[in-house]
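I wanted to go through this one with a notebook open and jot down what I looked up. Here are my entries.

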Amino acid sequence: MITFIVSLVVLVLGYMLYGRFVERVFGPDDRETPAVAKADGVDYIVLPSWKIFMIQFLNIAGTGPIFGAIMGAKFGPAAYLWIVFGCIFAGAVHDYLSGMLSMRNDGAGQPELIGRYLGGTTKNVMLVFSVFLLMMVGAVFVYSPALILGKMCSDDLMWVYIWCGIIFVYYIIATMLPIDKIIGKIYPLFAISMLFMAVALMGVLFYKWPTLPELYDGLSGEGYTTPIFPALFITIACGAISGFHATQTPLMARCVKNERMGRPMFYGAMITEGLVALIWATVSMYFFYGGAAEELGVPATLQAPEVVTTVSEGWLGTFGGLLALLGVVAAPITSGDTALRSARLIIAEFIHLEQRSIMKRIWICIPLFGVTFLLLFYNIENPDGFNVIWSYFGWANQTLAVFTLWAITVYLVRQHKAYWITLLPALFMTVVCSSFLMVSKNSFGLDMMVGYGVGGAALIVAVAWFFAWKRKETKINKN
């Protein structure tokens with residue numbers, strides 16, 4: 001528990017100290033924000049700050065800081081280091097600066113921002129990459145909650161299909177309606193539920209005060225043989241850094257009244273997600289290594305959704321079971337609908353189609369939901385469909401973060417600001433993603449040493465490219 005407590009303190013201090021430093025680097029001011037300048041009553045709407053924080057938190061969180069932390073806890077205490085330092089120096093910086101950069105560019109989406117700083121070709125690649133990633137999120141987050149709800153009704157598979165249809169119809173409605181009609185009303189309630197569950201579980205941890213693996217005992221989990229690098233940094237994404245967040249921050253960047261609200265809205269929401277991930281990582285270490293599974297009368301080999309429901313019901317009773325149900329059902333649904341909303345806006349921005357008219361929203365939604373439906377069908381019909389889509393999503397998610405960090409780095413260089421705050425995490429995640437691509441069983445499946453070699457080569461190329469570009473940029477500015 002010592003490592004857990006220290007990690008909690010460091011995360012809070014990270015927001016107070018490093019978060020303030022990053023804010024000074026960017027330099028928010030009192031200029032008119034897109035929520036005011038481009039108000040359209042659909043996507044550009046001024047919302048109260050507390051509501052923006054809650055929506056942003058749930059948008060970027062979903063079940064990510066829960067499931068990712070549970071699976072990452074199997075790596076042992078190393079998970080604490082990645083959640084804390086990844087969140088403070090990479091994830092929260094990524095979220096804050098992508099949100100603020102969107103605000104400075106009239107609420108631009110992630111592919112548009114990448115295009116402005118990394119070029120048109122990269123923009124087009126990332127447009128397809130981002131939209132496909134968001135559709136994968138939509139498909140995955142239809143089936144997983146539908147499966148749980150269907151089994152609650154009956155063992156008949158038909159109920160799963162019925163719930164898939166209900167959730168899919170909700171997606172269509174939530175994607176097309178103004179953001180304050182559904183998302184602005186129900187998201188804060190779900191966010192409060194998720195936070196309450198995390199705080200309640202933390203209270204149980206302090207009451208039980210279990211003996212857990214500590215950092216001074218070693219980094220790896222007991223009996224866990226998978227190398228920490230690069231797998232840990234892909235497994236725990238939303239609790240540390242996630243490219244998916246860069247597709248979500250523009251949604252709230254279009255609703256912020258003043259730039260000075262950015263640090264609590266974006267940096268603060270990511271730190272809060274890190275706190276949730278820390279709690280679930282600790283709960284999971286207790287479950288896997290501290291005897292909690294035995295106390296609850298279940299095997300320590302349960303999958304992440306089963307760990308959530310078992311622990312919540314066992315520790316918090318019926319009320320905890322209801323909160324767990326919200327966590328494993330409502331949270332992924334809310335991630336799915338905002339993912340598809342982001343996809344609609346990204347496509348609209350690319351083809352320059354205004355979204356005030358509902359018919360123009362429908363024109364985009366028809367092909368968007370058509371492809372998402374095909375991915376959902378594959379997910380249902382293929383026995384391993386969920387795992388295949390999720391594995392590709394994990395790598396694609398972190399790769400998206402890499403491109404976002406590089407785009408922000410270019411912006412900071414051109415603004416003569418402290419570019420190293422995004423350059424260092426960009427280099428690190430470049431190595432992680434290139435290494436994982438080589439060794440993952442769903443891609444090349446090569447030997448680990450080959451993956452490390454490719455990662456090292458990617459680091460050398462990235463460093464050489466960046467400083468060559470920077471030297472050229474400096475000469476252009478002097479002339």
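**Entry 1: a proline and its helix**

I started at P230, which lies in helix α10. My helices are DSSP runs (H or I, at least four residues; strands are E, at least two), numbered from the N terminus. The peptide bond from F229 to P230 is cis, with omega near 5°. I noted for myself that most peptide bonds are trans.

Before going on, I wrote down that this is a predicted model, where local features need pLDDT of at least 70, side-chain atom pairs count only at pLDDT 80 or more, and totals for chains, interfaces and linings use all residues. Residues are numbered from 1 along each chain as its sequence is written, and side-chain values use heavy atoms, with hydrogens and water left out.

**Entry 2: what packs on α5**

Next I checked α10 against helix α5 (residues 78-104): they pack at an angle of about 55°, with their axes 11 Å apart. Axes here are lines fitted to C-alpha atoms, for helices over the stretch in contact, and angles run from 0 to 180 degrees between N-to-C directions. The two helices are therefore oblique to each other; under 35 degrees would be roughly parallel, over 145 roughly antiparallel, 65 to 115 roughly perpendicular, and the rest is oblique. I listed A78, A79 and W82 of α5 against I228, L232 and F233 of α10 as the contact, with contact meaning heavy atoms within 4.5 Å.

I then looked at α5 with α17, which pack at an angle of about 120°, axes 10 Å apart. On the α5 side I found W82, F89, A90, V93 and L97, meeting I421, T422, P425, F428 and M429 in α17.

**Entry 3: ring pairs**

How many aromatic pairs are there? I got 29, pairing rings of Phe, Tyr and Trp (its six-membered ring) if their centres lie within 6.5 Å, with planes under 30 degrees apart stacked, over 60 edge-to-face and the rest tilted. Y117 and Y411 have ring centres 5.7 Å apart and planes at 80°, so I logged the pair as edge-to-face. Y117 sits in helix α6 (residues 110-118) and Y411 in helix α16 (residues 385-414), 294 residues apart. Y117 is buried at 15% relative accessible area, and Y411 is buried at 6%. I use buried for under 20%, exposed for over 50%, and partly exposed in between (1.4 Å probe, protein chains only).

F233 and F428 also form an edge-to-face pair, 5.2 Å centre to centre with 85° between the planes. F233 is in helix α10 (residues 228-235) and F428 in helix α17 (residues 420-439), so this pair ties together parts that are 195 residues apart in sequence. F233 counts as buried at 11%, while F428 is partly exposed at 34%.

I also marked a cluster in which ring pairs link W406, Y419, W465, F466, F467 and W469.

**Entry 4: Q110**

Is Q110 buried or exposed? Q110, in helix α6, is buried at 3% relative accessibility. Leaving out residues up to four places away in sequence, I found Q110 touching M126, S130, A246, T247, P250, L400 and T404.

**Entry 5: two histidines**

H352 has a positive phi of about 55°. H352 is in the loop between α14 (304-351) and α15 (358-381) and is exposed at 72%. H416 has a positive phi too, about 60°. I placed H416 in the loop between α16 and α17, exposed at 66%.
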